[in-house]
Structures are given as C-alpha cells and as structure tokens.
Amino acid sequence: MDRTVRILDFLAANKTIKISLLAELLDVSHVTLRKDLDNLEKRGIIRRTHGFASLDGADDTGKRMAFSHSIKRRIAKAAAEIVEGGESIMIESGSCCALFAEELALAKKNVTIITNSIFIANYICKLPNIKTILLGGYFQPESQVLVGPITKKSAENFFVDKFFLGTDGFIPGQGFTGQDHLRVETALHLANRAKKVYVLTEATKFSRRGAYSLIQLDKIAEVFTDDTIPKEAETALIKNNVQLHKVSSSEEKIKWCHFPGQPPILYKEKEN
C-alpha cells in the first residue's frame, strides 16, 4: 500500500513519468513495478503508454484519487472505523468514497455497500468480504455514476443507518455543494434513505463552491476531513452540532529530484 501511495504521489505531481525513472525513484525492479501499475490501470486510476505511466486518459474518479492520495486514504480509514461488520450502508461517488469502500473490504467482514457509483462497484468487485448492490439509473460516463428518476426509484427499496458521500464545495452558512444538478438531486434522495449522513472530503474542498446545494448542515451527523480545514468552516460545523473528525496532513514533505536529461521531479514522501 505504501508503494502505491508513492506512485500516485509522483503522478499527481508530474501527471506523466517514465516507468524506468519511476522504478529508480522507488528503488524496485521493473517486474515489481509492472505488477503495481497493472493493478492501478485495471482499476481505472492510471494509464500506460509507450514506457510511460500517466493520469491522462484515466477515469475521472481514478485520476482525482491520485491527488492527495495519502490524506484521502487516512480519511477513508478513519471513516471505516464507525462501520460494523455485517452492516449495510449506502455510498455515493467520489475518490474519498472509493477509498473508503476499499478500506471496508480490507478491514471489515460481510459489509454490504449500496451505491450508485459504477466506479466504486468496479473498484472493489474483486476484493473479499464485501457485497455490492448497484442501483440503476441514467449513466454519466465522466464520473461513472448512475443518477436520475430510476436511481431514486431503485433506492426506495432500501433503508440504512449510514449514508456516506463526497462533496465539490462548501458554503459556511449553507452547507456542502455539488457541481452537477442530477448528482445533487440523486444524492439528496439517497440521504433520505438513511438515518445518518456522513461527509468524506479533503479540506481543500472547503475553500471551493459548487453551483448547487448538496446537503445542509443540519442534515449531517459527522464529517471526516484533514486538519487543514479552514477555521470558518470548522466553526460552522461545530455550531450546527456536526461531529468533526480530522486526520493528520503533516506526514508528507515536498522534495525535488534531478536526473540527467529529465526535468525536475516534484514528489512527496513520509517523514521519519
């Protein structure tokens, strides 16, 4: 898992990198690296072309998963702790949510995930200890989610204790926001099929604004994010009795590497 995080950190900083250079940076054989890249490509996170690994051409959610990957991974692990083995939950789309689904498969047993995300269903389909129910609906290829009236109708067959979703932005006096009105409408309907709603997002989203209201603060039970959340946003959450979980964002430091005939490489690695 640590090597996968480093691969994605390199790609997030450089977008495209030579596989031979990547093997040198990671100090692994080409055979070992090829296995890692095969796994990432099969899951829609990267693409390989003519000796290069790249985020270009990767699935939209998979590409976003590469950015701030280690922070998103810690958010996912923290959220997974509140899910019990044997529980049925509902998950919407997003890179944090995809990693959260993976953590459930790795750490829990017999969890059933109900989702409208084809990306998430495909991402965890070969992992053990997880059951997936995919809702129907209109397919949005760019984000690989199912939305609209059919999705809403499919969701009416279920009621769960917990619904987890990501976000595109935040307005302190209003709540979380989204960029696509069909996804927002669908997410709101899914939220009505759960006792409690949980938001998983890296703190950078609190400085952005989506065009549509996703979910208001009084509808949210808990938020999982990192400790760089803006003070104004944190105050708004606490004021509305939202339980806030903050993971560390201080385990990475930026470094530059120079190799003959190559541009400077920006990457991150964990502190000792």
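**Notebook: cores, a lysine, pockets**

I started at Leu 200. Setting aside neighbours within four places in sequence, I found Leu 200 in contact (heavy atoms within 4.5 Å) with Ile 75, Ala 79, Cys 96, Cys 97, Phe 100, Phe 164, Leu 165, Gly 166, Thr 167 and Phe 224.

A note on the source: this is a predicted model, where local features need pLDDT of at least 70 and side-chain atom pairs count only at pLDDT 80 or more, while totals for chains, interfaces and linings use all residues. Residues are numbered from 1 along each chain as its sequence is written, and side-chain values use heavy atoms, with hydrogens and water left out.

Next I looked up the cores. A nonpolar core is a set of buried Ala, Val, Leu, Ile, Met, Phe, Trp, Tyr and Cys residues joined through side-chain atoms within 4.5 Å. Buried means under 20% relative accessible area (1.4 Å probe, protein chains only). The largest core has 49 residues, and Leu 200 is among those with the most contacts inside it, as are Leu 33, Ile 89 and Phe 100. Helix α6 (residues 95-107) gives the most to this core, with eight residues. Helices (H or I, at least four residues) and strands (E, at least two) are DSSP runs, numbered from the N terminus. Another core, of 28 residues, lies apart and includes Val 160 and Ile 229.

Then I turned to Lys 162, in strand β9 (residues 160-165). Is Lys 162 buried or exposed? Lys 162 counts as buried because its relative accessible area is 13%. Its side chain makes a polar contact of 2.5 Å with that of Glu 87. For a polar contact I need a pair of N or O atoms within 3.5 Å; within protein, one must be able to donate a hydrogen and the other to accept it, and residues adjacent in sequence count only if both atoms are side-chain atoms.

Last, the largest pocket. I take a pocket as an open set of points on a 1 Å grid over the protein atoms alone, where a 1.4 Å probe fits, with protein on both sides within 12 Å along at least five of seven lines; lining residues have an atom within 4 Å of a point. The largest pocket holds about 550 Å³ of space. It is lined by 31 residues, and Arg 64, Thr 167, Asp 168, Arg 183 and Lys 205 lie nearest its centre. Elements giving two or more residues to this lining are α4 (60-66), α6, β11 (175-178) and α9. In α9 (residues 181-191), I noted Arg 183 among the buried residues.

Terms used
Buried means under 20% relative accessible area, exposed over 50%, partly exposed in between (1.4 Å probe, protein chains only). Grid points are joined across faces, edges and corners, and a volume is the space filled by probe spheres set on the points.
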